[in-house]
Amino acid sequence: AAVTQAVGARLRGLREEDTVLLEALVPTARLPVPPPRSPAPRLPVALRICTLVCRSWGDRPQLCQVACGVGRAEAPVRHGAALPQGLDSSLQQWGVVAPSQRQALATRLRGAAEAAMAALLAAEAELSPQQRGGARAHTDLLGVDFLLACVDDALELVVLSTNSQRCLETCLLADAMGRAVGEPHGDLPQLLAEALLHRAQCHLVEGKDILLIGAGGVSKSFVWEAARDYGLKVRRLGH
């Protein structure tokens, strides 16, 4: 009732082209945590989960890396405000002690991050080249930030925002910190290289004339679809 009254009062003072934007308040999860090692009071903290998703072969979203940041609960946890750490260790510190529960959250996180990327790719596919910013312009990397919230006594992952740079910086920092302490190399460099090399190969063949002799039958129809996507000018000679 108080929110409705405040919005109504605000609307009466706005001009015709102005609007009021309402955002839902999603409180961070409050979980029982292990006893502190020191007698100093522990302040409420929030967990920000940063994910990096890339466009894989066949335009499939693929989760590359996850990094978490912990900060004060009364203020947004921002990129660069804390050193990144892994998802599993962060959840353990948060009080999620059951391995099955941590694995379930990791699986849900992957699905939610890749679904966000898939929604963006679907929206881009409906845009004209001019609206996208160019004939070959599209999103190859996407950062998706999540908040670990508690809804009806159940842990929920809530999307905070998407970005193209800050999540990449955070995940690269987390990967470098892991290698510095002896952790094995992750898949992040390989996945990023594959996405960039795929784009580079498309750029090299775009606009070229290619002569195909004996290109195959119906089972090879995917060749023509790929050629159209790559911007090739294909000339085919019949038998």
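Start by selecting Cys64 and Cys54: the sulfur of Cys64 lies 3.2 Å from the one in Cys54, its closest cysteine sulfur, and that is too far for a bond. The cut-off used here is a pair of cysteine sulfur atoms within 2.5 Å. A search of the whole structure turns up zero disulfides. While Cys64 is still highlighted, note that this residue is buried, at 10% relative accessible area. Buried stands for under 20% relative accessible area, exposed for over 50%, and partly exposed for what lies in between, with a 1.4 Å probe and protein chains only. Then jump to Cys167, which is buried at 0% relative accessibility.

Before going on, a word on what is on your screen. This is a predicted model, in which local features need pLDDT of at least 70 and side-chain atom pairs count only at pLDDT 80 or more, while totals for chains, interfaces and linings use all residues. Residues are numbered from 1 along each chain as its sequence is written, and side-chain values use heavy atoms, with hydrogens and water left out.

Now zoom out and colour by secondary structure. The chain holds seven helices and six strands, in the order α-β-β-α-α-α-β-β-α-α-β-α-β along the sequence. These are DSSP runs numbered from the N terminus: helices are H or I with at least four residues, strands E with at least two. Of the chain's 239 residues, 28% count as buried. Among contacts between residues at least 6 apart in sequence, 60% join residues at least 24 apart, a contact being heavy atoms within 4.5 Å.

Next, select residues 87-94 and 99-125, which are helix α2 and helix α3. They pack at an angle of about 130 degrees, with axes 10 Å apart. That makes α2 oblique to α3, because angles under 35 degrees count as roughly parallel, over 145 as roughly antiparallel, 65 to 115 as roughly perpendicular and the rest as oblique. Axes are lines fitted to C-alpha atoms, for helices over the stretch in contact, and angles run from 0 to 180 degrees between N-to-C directions.

Show side chains where the two helices touch: Leu87, Asp88, Leu91 and Gln92 in α2 meet Arg102, Leu105, Ala106 and Leu109 in α3. By class, this contact has five nonpolar, one polar and two charged residues.

For the last stop, centre on Arg102 in helix α3. Is Arg102 buried or exposed? At 10% relative accessibility, Arg102 counts as buried. Beyond neighbours within four places in sequence, Arg102 is in contact with Asp88, Leu91, Gln92, Val96 and Val97.

Technical notes
Nonpolar A, V, L, I, M, F, W, Y, C, P; charged D, E, K, R; others polar.
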